[in-house]
Structure formats: C-alpha cells, structure tokens
Amino acid sequence: MKLMIDMTLENWQSWAVARNLPAYRAPQIHQWLKRGITTVDEMTNIPKSIRELLRAEFLIDGLTVEHKFVSALDQTTKYVFRLHDGNVIESVLMHYKHGQSVCISSQAGCKMGCTFCASTGAGFGRNLSRGEMLAQVARIAADSGERVGHVVIMGIGEPMDNYNEVVRFLRAANDPQGLNISLRHISVSTCGLVPEMLKFTDEGLPVTLSVSLHAPNDQIRQSIMPIAQNHSIDELLRACRRHIEHSGRRISFEYSLFAGVNDQPEHAKELAIRLKGMLCHVNLIPANEFEGGQFQQSSRRQVENFQQILERAGINATIRRELGSDINAACGQLRRRLEA
Ligand code: SAH
C-alpha cells in the first residue's frame with residue numbers, strides 16, 4: 001500500500017499532472033501531511049472528488065496508535081504505533097527546557113543483537129520508510145498540540161542499517177516546506193557501522209552524531225555488542241575523528257553502565273586514555289533494566305565515580321537523566337512485550 005507521507009512535493013506534482021489536476025493542488029496536499037492528519041477529510045481545502053482519489057490510492061501514513069502512556073513523573077509520553085503491515089514501533093515525546101523532542105524508531109526491530117538491548121529480543125521486522133519516520137514526528141506534534149523542534153533517532157533500530165531512508169528522512173525533516181527542523185537539532189545514534197559512518201560524514205549533514213561505545217576496550221565491547229567483532233574500537237574511533245574533522249562538530253559517545261561489566265574505575269581510566277584530545281562528550285547512561293534482561297544498573301555512586309574519573313582526565317562527561325521510568329519509556333521494551 002502506498003503512503004501519502006512517503007510522497008515528495010515532486011511526486012505530488014507528477015501525480016497531479018497525470019490526473020489533469022491543477023498544479024497548485026500538489027503543494028496543498030503536501031502541506032497537510034506534515035500536520036499529522038489522520039483522515040483525508042481533514043484536507044478541508046481539497047475538493048471531495050480529489051479526496052476520493054487519494055483515499056482510493058493511498059493510506060496517509062499507515063500508523064495507528066496502539067498504546068499511549070504518559071509519565072506521571074515528567075509528562076514523557078510513549079507512543080506505540082502499529083504500522084500498516086502489522087509491525088510495531090515505539091516513539092517517545094520528551095519535554096525539555098529547550099522545547100519538545102521526539103525520539104523515533106528507524107526500523108521495526110533490530111539486527112544488531114546488542115546483549116543489553118530490549119529491541120533485540122523481539123527480532124527484526126523491516127526498515128521504516130522516510131515517511132514512516134516523518135509520520136512519527138508529525139503525529140506526535142499533532143497529538144501534543146506543540147511544536148517539535150528536536151528529533152533523536154535513538155528508538156528501535158540501527159539508523160546506519162537503514163542508511164538511505166534515514167538520510168532521506170533527515171533531508172525531508174529539514175525541508176522548510178516540510179517539518180522545518182534544524183539539522184543541528186537532530187541526533188543520529190549508531191552502534192558503529194563504520195563503512196556507513198564514513199559515507200554519512202561525506203553527506204555533510206550537520207546533525208549530532210552519537211556513537212554507542214559502552215566499553216573502553218575491544219574485549220568488553222565484543223562481549224556485549226556483536227558489531228564490535230566487525231570493527232575494532234580503534235577503527236571506530238578513526239571514523240569518529242574523521243567525522244569531527246570534516247564536520248567541525250563534537251561527537252557524543254553513549255556509555256551505558258552495566259554493573260560489574262564496564263563500570264569499574266579502571267574502565268573509566270582506560271576510556272579516558274582512548275578519548276584523550278578528541279572533540280567529544282560522553283553521555284553516561286544508567287543501564288535500563290527490563291524483564292528478561294541480563295544486566296543490572298550500576299549504583300549511583302559507581303556512575304558518579306565514573307564521571308569524575310573522566311572529568312578529571314579532561315573528558316567532558318554527563319549523566320543522562322532518566323525520563324519516563326514509570327512508563328518503560330526506554331525504547332524496545334514495549335515492542336518486546338507486544339511481539340512476544
Ligand atoms: N541503534 C542505535 C540506537 C539504539 S538506542 C545505537 O545503537 O546507537 C539508543 C541507546 O540506548 C544506544 O546507545 C543503546 O546502546 C542504548 N541502550 C539500549 N539498551 C539499553 C539498556 N538496556 N540500558 C542502557 N542503554 C541501552
């Protein structure tokens with residue numbers, strides 16, 4: 001089934017020409033889609049006959065809200081969407097001082113197999129299209145009634161494993177005729193697919209690149225992240241340094257702390273040596289425990305100690321605040337339950 005949200009303005013122009021419709025209908029239809037509409041009848045400036053054509057040929061975005069959970073602690077809202085073919089994804093709306101941010105999924109499921117990640121358990125469904133990523137943002141903005149100014153691609157899936165659609169999504173999200181979100185307000189998080197990272201650097205898109213490192217050496221990284229068997233930390237950090245050089249932007253390293261695995265003082269020291277001199281920031285994430293998961297969260301003291309060692313060695317490090325912990329806001333947890 002074709003999705004309207006996957007159509008570019010140029011696609012609508014050809015569509016209108018092929019149906020002998022006036023050219024101005026193309027931008028009119030295109031404009032409606034970024035507003036997160038759920039029925040064709042919301043297109044009030046489009047005549048009924050054209051709405052019928054649209055209805056016969058397309059779905060709007062194919063998304064239905066399967067569940068919505070609002071955190072009583074911080075208003076963080078988790079959306080579980082079902083896609084037109086039955087696949088399930090999750091997206092999260094977060095409220096910050098700087099505005100609203102949406103965390104989107106890039107795939108239904110994930111192939112990367114990180115041992116600590118809830119997304120792995122439920123297997124891989126398929127890649128999301130550019131439009132299905134746009135729709136997560138548009139639908140959540142419409143539902144919340146507020147502008148979404150920031151997007152993080154940190155939900156379910158590995159964005160570099162769905163490279164083309166993710167890059168198309170970034171361009172469309174940035175389009176002034178579309179969602180008009182500054183690329184500087186978009187973060188892309190990868191577990192480190194080096195060849196795609198090199199290619200991504202060459203796209204020259206000024207987004208924030210986040211790299212899931214989670215270990216100070218290959219031995220630990222390989223024990224928790226299968227991708228580390230394909231690319232060593234040295235190779236990964238070379239790609240990161242190249243990205244920093246080409247983009248002039250700092251990289252954000254994600255480091256989740258798992259008790260007894262990667263959270264010891266010697267791990268912090270080893271990490272500091274590896275990252276020395278790099279234009280980067282380390283985001284320390286208290287591990288997210290979930291049912292059936294094999295890792296435990298490190299103690300608060302351990303996390304703070306880890307941060308201090310990095311800071312003292314001159315590495316910028318912050319501890320990520322946990323949002324929506326009462327609603328399983330961290331991605332993958334609900335899909336896991338639904339697909340099980
Ligand atoms: N595939 C992308 C996006 C994944 S989710 C990537 O790997 O970066 C965003 C972050 O959450 C990643 O850093 C991921 O490694 C981390 N993560 C996944 N499960 C986690 C858990 N149970 N506890 C803490 N962090 C986790």
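**View 1. Polar side chains around the ligand.** In this predicted model, an N or O atom in the side chain of Ser 212 lies 2.6 Å from an oxygen atom of the ligand. His 214 likewise places a polar side-chain atom 2.6 Å from a ligand oxygen atom. A nitrogen atom of the ligand is found 2.8 Å from an N or O atom in the side chain of Ser 256.

View 2. The domain assignment divides the chain into domain 1 (2-59) and domain 2 (66-327), with bounds taken from an automatic or database assignment. Their C-alpha centres are 34 Å apart. At the interface, 14 residues of domain 1 are in contact with 14 residues of domain 2 (heavy atoms within 4.5 Å). The domains bury about 1,000 Å² between them, 58% of it on carbon and sulfur atoms; buried area is the accessible area, for a 1.4 Å probe, that two parts lose on being put together, summed over both.

**View 3. The domain 1 side of the interface.** Across the interface, 6 residue pairs are in polar contact, both residues being at pLDDT 80 or more. A polar contact is a pair of N or O atoms within 3.5 Å; within protein, one must be able to donate a hydrogen and the other to accept it, and residues adjacent in sequence count only if both atoms are side-chain atoms. Helix H2 (residues 25-33) gives the most to this side, with 3 residues. Between the domains there are 0 salt bridges.

View 4. Arg 139 and Asp 61 form a salt bridge whose closest N and O atoms are 2.9 Å apart. Arg 139 belongs to helix H5 (residues 130-144), whereas Asp 61 sits in the loop between strand S2 (58-59) and strand S3 (64-70), 78 residues apart. Helices (H or I, at least four residues) and strands (E, at least two) are DSSP runs numbered from the N terminus. The structure holds 18 salt bridges, each defined by a side-chain nitrogen of Lys or Arg within 4 Å of a carboxyl oxygen of Asp or Glu.

**Notes.** Residues are numbered from 1 along each chain as its sequence is written, and side-chain values use heavy atoms, with hydrogens and water left out. Local features need pLDDT of at least 70 and side-chain atom pairs count only at pLDDT 80 or more, while totals for chains, interfaces and linings use all residues.
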